[in-house]
Amino acid sequence: MLVILLCSITIVSCSKKGETAAGATFITATPPVDKNWSFASTPTWSDEFDYTGTPDTSKWTYDLGGGGWGNSELEYYTKAASNVSVANGILTITARKENIGGMNYSSARMVSKGAGSLLYGRIEVKAQLPAGTGTWPAIWSLPDLYAYGAWPASGEVDIMEMVGFDPNNVHFSAHNQTYFAGNAKTSTMNIPTASTAYHLYREDWTPYAVRGYYDNILVFTYVNTGGGTALWPYDQKFHLLMNIAIGGSWGGTKGVDDSIFPVTMQVDYVRFYNMIPQ
């Protein structure tokens, strides 16, 4: 049986790029009513990874390069088959110890922007996470357009983050201009087999709230209080990202154990379901 721990924690966002919220627009709004929206039973966009080779280019692109990604990360992202591949119904993202692009590690960061973008709906990702000190895997989302200003003003939702020095404590977070980085709204669930078995990481997103579920257990709720875009920028299209970062301002807090490499995050499927309007 899973042991559940819900709490607020101090974290650093995996997308922060050293930008501020300067120039963000404060738009007030009326608090929405929770209409208990439901979701389509059939995915409107998905990747079942039921093929062999590289990820489907009609569904995925990549963030490439190094330079720390705003978090002092140590990896260089590539789209090489050695870092990202599909076989036997599973997507595998692999982080390796190798010198590339002036960095000491390689990895991959996949992006669904475009074909895999949505405004309100359910996102499901079934995944098995990497283990080892220095790893920082994430399944998360960013807006297609930064309508309310640079990060964090236009929002970010982290469906799953875990750092290797704190194994099995998996975090769901929401960032915006009011709550971000160390002040982000966050909940945590301890999943004892996070790195040895597949688990379902899910977001249900409606005009009323962002809710997070791990193995269909509610772990996170962030409600739209009608405070405007400084609190609720989640009314624009978002897309999904999946990656393994190495080191960084959170993942590297206790260094990197070079004996663990290569390490992998394996994904069984990604599915988006539209919210049914009322």
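**A close look**

Tutor: Asp144 sits in the loop that runs between β10 (135-143) and β11 (156-161). Please keep in mind that this is a predicted model. What surrounds Asp144, leaving out residues up to four places away in sequence? Its contacts are Lys113, Gly114, Ser117, Lys237, Phe238 and His239. Is Asp144 buried or exposed, and which side chain of opposite charge is nearest? Asp144 is buried, and the nearest such side chain is that of Lys113, 5.6 Å away. A salt bridge would need a nitrogen-to-oxygen distance within 4 Å, and Asp144 has none. The Asp144 side chain does have a polar contact, with the side chain of His239 at 2.7 Å.

In general, side chains of opposite charge can pair when their charged atoms come close. Where does that happen here? Across the whole structure, 5 salt bridges are found. One of them joins the side chains of Asp204 and Arg122, with 2.7 Å from N to O. Asp204 belongs to strand β14 (residues 199-205) and Arg122 to strand β9, so this pair spans 82 residues of the chain. Asp204 is buried, at a relative accessible area of 5%.

Arg122 takes us on to another strand, as it stands opposite Tyr273 in β18. Strand β9 (residues 121-128) and β18 run antiparallel, joined by 8 bridges. Strand β5 (residues 90-100) is also antiparallel to β18, with 5 bridges between them, and there Leu91 has Val267 as its bridge partner. Strand β1 (residues 45-47) pairs with β18 in the antiparallel sense too, over 3 bridges. In that pairing, Ser46 is opposite Arg271.

Arg271 brings us back to charge. Its side chain meets that of Glu48 in a salt bridge, 2.9 Å from N to O. Because Glu48 lies in the loop between β1 and β2 (61-63) while Arg271 is in strand β18, this pair ties together parts 223 residues apart in sequence. Glu48 is partly exposed, with a relative accessible area of 29%. A further salt bridge joins Arg211 and Asp34 at 3.0 Å, N to O. This one links Arg211 in strand β15 (residues 209-214) with Asp34 in the segment before β1, 177 residues apart. Asp34 is partly exposed as well, at 24% relative accessible area.

The largest nonpolar core has 54 residues, and Ile139, Tyr201, Leu240, Met242 and Val270 have the most contacts inside it. Strand β18 (residues 263-274) gives this core its largest share, 6 residues. Apart from that core lies another, of 7 residues, including Ala138, Leu142, Trp151 and Ala181. As for Val270, its contacts beyond four places in sequence include Trp45, Phe49, Trp60, Val125, Leu240 and Met242. Ser46, Asp47 and Glu124 are also among the residues that Val270 touches.

Key
Residues numbered from 1 in each chain as written. Predicted model: local features only at pLDDT ≥ 70, side-chain atom pairs only at ≥ 80, totals over all residues. Heavy atoms only, no water. Core = buried A, V, L, I, M, F, W, Y, C linked by side-chain atoms within 4.5 Å. Buried < 20%, exposed > 50% of the residue type's maximum accessible area, 1.4 Å probe, protein only. Helix = DSSP H or I, 4+ residues; strand = E, 2+ residues; numbered from the N terminus. Contact = heavy atoms within 4.5 Å. Pairing = 2+ DSSP bridges. Lys, Arg positive; Asp, Glu negative; His and termini not counted. Polar contact = N/O pair within 3.5 Å; in protein donor to acceptor, adjacent residues only side chain to side chain.
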